[in-house]
Amino acid sequence: MTVGPRSLAFRVVAFSTIWAVLALIAIYTVIATLYQQTSERGFESLLSAHLFNLIGSVGVSEPGVLTGGPDLGDLRFSEPNSGWYWVVEPASPGLSGSLRSLSMTEPIPSPTAEEVPFNSSFQRNYETKGIAGEDLEVFESEFVLDAKNRIARFRVMGNRTELEDEIGVFERRLLTYLSLFGVGMIAINAIAILLGLRPLGRVREALAMVREGTAQRLDGKFPAEIEPLANETNALIDNNRRIVERSRTQVGNLAHSLKTPLAVLINEGRALGGKKGKLISDQATAMQSQVDHYLQRARVAAQRDSVVYRTPISPILHRLVRVMEKLKPENQLTLVEPSSEIVFGGEREDLEEIVGNLLENAMKWANSTVRVSVDQTHGEDAVGMFSITIEDDGPGIPEEKAREALKRGRRLDETKPGSGLGLAIVADLVNEYSGKLMLERSAMGGLSAIVQLRSVQ
């Protein structure tokens with residue numbers, strides 16, 4: 001199956017891929033945001049719990065010295081410069097001393113109440129820099145310790161850089177997993193789409209077989225969505241075949257109805273004799289040739305766009321060569337064939353008409369030698385084509401008169417018998433099959449007539 005910007009498979013896969021990417025981006029954004037919000041809430045809840053635990057673990061002696069041995073249950077408060085600290089300091093007169101965690105090796109300043117005011121519960125939180133340069137989240141509260149209204153300031157600090165690193169690790173892992181999932185999903189989706197569209201490829205192959213003449217109908221079982229298309233195509237093929245047969249019948253009837261009157265005119269003209277008799281006979285003969293010519297064109301046009309025929313060219317060439325050798329035994333006729341069989345995509349009668357006219361013309365004008373060669377053509381403009389070259393060692397045709405020779409009824413030498421329709425019929429037949437007819441100078445000295453026609457497998 002051909003996959004390109006204009007193919008249905010490409011469009012469906014591209015649309016599903018874009019949708020999958022957008023969906024995965026949305027999922028990533030939602031999960032990452034929810035995880036970040038949950039982590040931050042948990043982080044703040046932990047700091048708040050540590051703060052209340054710290055407040056409950058500190059007291060004041062009668063002389064006004066802060067006392068207590070807070071154990072917040074987290075080893076990080078014991079590791080030096082870990083980013084997790086707590087400190088208790090006097091906040092009113094009559095209170096002295098201070099307490100701090102083992103992790104806090106040097107004081108960490110706090111902003112003034114004017115810079116970061118307390119709320120109605122005498123609490124505040126803010127961000128600051130830690131001892132090792134890490135970002136800290138600080139929960140701070142002022143609390144009355146005894147009946148003498150001695151107030152201490154409690155601070156618990158958590159390592160926000162550590163939190164952000166954990167969030168970053170989670171987001172990177174999430175992105176990796178979603179990317180792998182997305183690639184797998186897109187690949188499976190593309191495979192499923194291509195497999196689902198495979199019946200269309202079977203339809204195309206079946207149509208190609210019909211076009212090449214190897215099949216008469218679209219055979220096989222197709223999915224329910226495609227079966228109506230196959231049935232309609234088969235009906236169209238049958239209808240075209242009926243049209244072709246009807247055209248052939250009408251052509252045959254016309255030829256039969258004109259054959260007898262023209263034969264009578266020719267015979268009567270010959271019987272009459274004289275100039276008038278010869279004129280009648282010649283004109284009737286010309287009419288017969290013209291009728292044959294146009295009936296031939298009508299028949300080819302009727303079948304050209306219908307089911308393609310398959311005609312192996314080797315048997316036809318051998319038969320025509322044998323006939324010409326018997327008619328002109330004095331000429332040497334050579335046939336050069338390719339190693340592989342070539343099949344003409346048209347009717348046998350048309351190929352016989354093309355080769356027969358050219359071969360008869362070559363035998364008529366040749367001095368002693370005629371050569372027929374067949375080969376596959378090469379080049380971008382000649383894909384699926386083959387060529388038949390018929391050469392002779394006769395006088396040839398001047399280049400400026402080659403086009404004149406292809407005109408209907410045009411004869412370059414009136415001394416030779418014929419109606420002048422041979423090359424014109426060949427040109428019309430070749431044109432009907434979208435081929436090429438070229439008249440060139442042969443390496444043998446005479447005319448080289450080259451015909452290019454379409455081949456089928």
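1. Contact here means heavy atoms within 4.5 Å, and axes are lines fitted to C-alpha atoms, for helices over the stretch in contact, with angles from 0 to 180 degrees between N-to-C directions. Helices (H or I, at least four residues) and strands (E, at least two) are DSSP runs numbered from the N terminus. With that in hand, helix H1 (residues 8–57) lies across strands E3 (85–90), E5, E6 and E7, and runs at about 145° to E7.

2. A word on the model before going on. It is predicted, with local features needing pLDDT of at least 70 and side-chain atom pairs counting only at pLDDT 80 or more, while totals for chains, interfaces and linings use all residues. Residues are numbered from 1 along each chain as its sequence is written, and side-chain values use heavy atoms, leaving out hydrogens and water.

3. Next, the sheet. Two strands pair if DSSP finds at least two bridges between them. An open sheet of 5 strands has the order E4-E3-E7-E6-E5, with antiparallel pairing. Strands E4 (99–100) and E5 (123–129) stand at the edges with a single partner strand each, so one side of each has no neighbour in the sheet. Between E6 (residues 135–144) and E7 (residues 151–159) there are 9 bridges; Ser141 has Phe154 in E7 as its bridge partner.

4. Now the aromatic rings. Rings of Phe, Tyr and Trp (its six-membered ring) pair if their centres lie within 6.5 Å; planes under 30 degrees apart are stacked, over 60 edge-to-face, and the rest tilted. The count is 5 aromatic pairs. Phe344 and Phe386 have ring centres 6.3 Å apart and planes at 75°, so this pair is edge-to-face. Phe344 lies in strand E10 (residues 343–344) and Phe386 in strand E12 (residues 385–392), so the pair ties together parts 42 residues apart in sequence.

5. Phe344 is buried at 1%, and Phe386 is buried at 0%. Phe344 also pairs with Tyr433: their centres are 5.1 Å apart and their planes at 65°, so this pair is edge-to-face. Tyr433 sits in the loop between helix H8 (422–432) and strand E13 (436–441), 89 residues from Phe344, and Tyr433 is buried too.

6. Elsewhere, ring pairs link Phe43, Phe77 and Trp84 into a cluster.

How values were computed
Buried < 20%, exposed > 50% of the residue type's maximum accessible area, 1.4 Å probe, protein only.
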